[in-house]
Amino acid sequence: MVWTGTWVAERLGVELIGDEALPALLGLALRRNPKRAHLLVSSVLGKHVPQRPSVVYGSGLDLGRRVRDLLGEAEAARAVVLGYAETATALGHAVADGLGPAPYLHSTRRPVPGVTRAGGFEESHSHATSHLLLPEDPALLAGDGPLVLVDDEFSTGNTVLNTVRALHERYPRERYVVVALVDMRGPADRDRLTAFAVEIGARVDLVTLAAGTVRLPAGVLEKGRELVARYEGGCSTGDGTTTDAAPHAPGAPGTEPGAGFGLLRAAGAGRIGAAGGGAGQAGTASGPATPEVVRVALHWPAGVPDGGRHGFTPEHRVRLEAALPAMAARIAEALPAPAPTAPGARTEGTGARVLVLGFEELMYAPLRLAAALEDAGHDVRSSTTTRSPVLAVDDPGYAIRTRLVFPAHDDPADGPGERYAYNVAGAGFDAVVVVIDSAADTPRLHAPDGLLARLAAHIPRIVLAVVPSYVPATAPARPPAPALPSVPARTAAPERSSMLPEPLRGPAFSSYAPEEVGWLLQDLSDVELEAPTEEREEAIQSGGAHYAESLPVEYQPSARYQDLFRSALEASAARIARAVGTVTETVLAERAGRPVLVSLARAGTPVGVLMRRWAEARHGLDLPHYAVSIVRGRGIDANALRWLATHHDPADVVFVDGWTGKGAITRELAAALADFPGFDPEIAVLADPGSCVRTYGTREDFLIPSACLNSTVSGLISRTVLRSDLVGPGDFHGAKFYRDLAGADVSGLFLDAVAARFDEVAEDVGTDVKELLTTDRTPTWEGWAAVERISEEYGIHDVNLVKPGVGETTRVLLRRVPWKILAKRGAGDDLAHVRLLAEQRGVPVEEVDELPYTCVGLIHPQYTRGATGADGKAVASR
């Protein structure tokens, strides 16, 4: 069998010297790193190389048991284990499991608002150097028992020295144990650690599976850079897969053209996914043209952390291990069925070959789930995505054969960037179980160039399992967050009780009557949150801020625009009343009992109020109605869901929104509710032009007057706000009540005008509902497909900058920096207000054929304040 370090050794003259076990434990690869050209690739870590989970977990357990034997039972009971992000988070956790009663913590590169750092250190050779220590229990590292530090390899000792030096100054102790799969230090590094132990007056022991050194010839760094540049010059493919493009590797796995991404299907929870592009297969022998993606609800045990980022206790371990078999069984139900065999034939190898793929620091939970699947008899391998950029070369003597490239999908603190999955494409997997935490279950994950789409190009079955991201319940005082670029300083939010308050109601908060809606929000009316539109756009697109961290300056309509709103309302009131009646009657027909309306603030709130009024007027029902916040890329307000679950049966909750565009919020809600079993992720909307939901009043894209304005048609409430210095772990998301705009408020006028037409449309509603209840209403996601096409045709390459439908186009003109408006040729009065706004902002309106929407708003791509529109003029508010 060829050693997977041969390719690098032959070309760079690198030698691996040491124990006989080293070649079985390590391979070699090259990486894009100015500090170290080569990469030691572990075959038993479960990171870059898929491996049997029993081998990965067993290696850590064995090391932990050896540490226990070294320390003795008494000292082992006092020990704390610390693992290193990102590669050793699962290894360290397995060591803690083998050690026995030890609590576990791993470093992290993900800062968590409200959690005080217990320390930090640098990893000098890494591509991303800063490590944070964020234990929920501040006393976790403060004891004087042995500290066990676990890394995948001990190459120079610098990382361990930095860690011990930082911690010993705060929490001195007498004994440290360093654990690694391999010790690859040279003599000078060994002497340095010995001297350091003497310096601090502590004992430092070392426990590894094997030891040796890497002999590097002169000039190896420059030679390595040249090799990487030469082989990466033409190795990228259209589907995000890369591999060596050298002549010896024709037809290498992963080099075929890219594949599209099919529907996500939620197991037992409705549809949540995306429509994609082409249907090619790559790296698999067979499979459907559009691979199926199934979301599995794990039912992760409540209160058990997703890993060791904030600490993991022996009690957590007991609860997790009790829940593992049932979670593995739920995953197994979504895996492909075993291949049929002839009577009497042997059944070895007929089961599906499965990869359980973890996510960066989230290695332990995927590993334990993979091990539970393996224990149940499945053919399983385990590996994890990574930040580390490594050259892929399709050669048996090289450790990284293929590379999938995709954008970060967890809103990382250090900004967007590429992420990688190695040795997945072309490995012959029949299914991949993607295990991520809920913080990473974002639209970027589901995007056409996201991880799921990259995997779907090579593996026929994708299973998605989301573990709830653990947030410490008792976070200390939060430091103020840095201000957004060019945004005025904010007034600090007052201290709030950790108990969730009752909903806010009018007239104290909003101009709606108190019985119309209860807002599960916190009042930020006294906090300065507004920023000029152009400055917000630049900050959002540069990654300097999230759109929910500030508010646009409220649009003040001209007299001409107000007249247009009133005439539009008069013309469309009956049409809206009919859609309100249809969606309400559909909900009442399909939901037993007394539905609880929960509108998505703020566009959904006027619709929720109207649905409540219809139910009362036509059936005498007094339906509860609340408004909650949902933020694209950040999810729904989890505290609002907890409040609802405490006060109502989650099965009665019906989420309500105004309209669908491309379906981003539909997906966001479905993803967020995976952690809240009992809630139905289906959204009821007034208009569904994007064909994204099953429950709707109409699928026509027409003018809904409530989309024409902002707060003045939505109870004087702002769009919702989510910012770490204002919204803590125990708070509702925030919003403002614009009391000063009461003179311009038309919220009541809009509601009354529509409700006045209820009787007039009742007969039509009855006909519509009968037809809908017998019609296949399965979403086609044609809107999403259209958005992808428009994004590419206009060179935008970001679906978030394409806003389809009359409602979304209006929002672009009122809140963002528009580039141009696409209008369906022949569209009439439904676009009068859009044309007026476009005229006021100097935005061109381009008439097009075969548009599935009445109009589409395009946000200026790559916006800066010097950017220009299609006509060469600077794009700015006027």
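**View 1. Helix α6 lies across strands β4, β8 and β9, running at about 160 degrees to β8.** The model is predicted: local features require pLDDT of at least 70 and side-chain atom pairs pLDDT 80 or more, whereas totals for chains, interfaces and linings use all residues. Residues are numbered from 1 along each chain as its sequence is written, and side-chain values use heavy atoms, with hydrogens and water left out. Helices (H or I, at least four residues) and strands (E, at least two) are DSSP runs numbered from the N terminus. Axes are lines fitted to C-alpha atoms, for helices over the stretch in contact, and angles between N-to-C directions run from 0 to 180 degrees. Helix α5 (residues 89-99) lies across β4 (80-83), β5, β8 (147-154) and β9, at about 135 degrees to β8.

**View 2. Six strands form an open sheet with mixed pairing, in the order β1-β10-β9-β8-β4-β5.** Because β1 (15-18) and β5 (104-106) each have a single partner strand, one side of each of these edge strands is left without a neighbour in the sheet. Two strands count as paired if DSSP finds at least two bridges between them. On average, and with direction ignored, neighbouring strands of this sheet are turned by 25 degrees against each other. Eight bridges link β9 (residues 175-183) with β10 (residues 203-215) in the parallel sense. Thr 208 in β10 is the bridge partner of Ala 180.

**View 3. Helices α6 (residues 158-170) and α7 (residues 187-200) cross at roughly 5 degrees, and their axes come within 11 Å.** The two helices α6 and α7 are therefore roughly parallel to each other, a term for angles under 35 degrees. Asn 158, Leu 161, Val 164, Arg 165 and His 168 of α6 meet Arg 192, Leu 193, Phe 196, Glu 199 and Ile 200 of α7; contact means heavy atoms within 4.5 Å. By class, the residues of this contact comprise five nonpolar, two polar and three charged. Ala, Val, Leu, Ile, Met, Phe, Trp, Tyr, Cys and Pro count as nonpolar, Asp, Glu, Lys and Arg as charged, and the others, Gly among them, as polar.

**View 4. Val 148 and Tyr 398 have the most contacts inside the largest nonpolar core, which has 137 residues.** Such a core is a set of buried Ala, Val, Leu, Ile, Met, Phe, Trp, Tyr and Cys residues joined through side-chain atoms within 4.5 Å, where buried means under 20% relative accessible area (1.4 Å probe, protein chains only). Beyond its neighbours within four places in sequence, Val 148 is in contact with residues including Val 67, Ala 79, Leu 99 and Val 179. Apart from this core lies another, of 76 residues, among them Val 527, Leu 551, Trp 614 and Phe 702.

**View 5. Helices α14 (residues 559-590) and α15 (residues 604-619) pack at an angle of about 75 degrees, with their axes 9 Å apart.** This angle makes α14 roughly perpendicular to α15, the class for 65 to 115 degrees. The residues that meet include Val 580, Val 587 and Leu 588 in α14 and Leu 610, Met 611 and Trp 614 in α15. Nine nonpolar, three polar and two charged residues make up the contact of α14 with α15.

**View 6. An open sheet of four strands has mixed pairing and the order β32-β35-β33-β34.** Its edge strands, β32 (802-804) and β34 (845-848), each pair on one side only. From one strand to the next, the twist averages 20 degrees. Strands β33 (residues 818-824) and β34 run parallel and are joined by four bridges. Glu 846 in β34 is the bridge partner of Leu 822. Helix α20 (residues 782-793) packs on the sheet, where α20 touches β32, β33 and β35 (855-859), and its direction makes about 140 degrees with that of β32.

Definitions and conventions. Parallel < 35°, antiparallel > 145°, perpendicular 65-115°, else oblique. Buried < 20%, exposed > 50% of the residue type's maximum accessible area, 1.4 Å probe, protein only.
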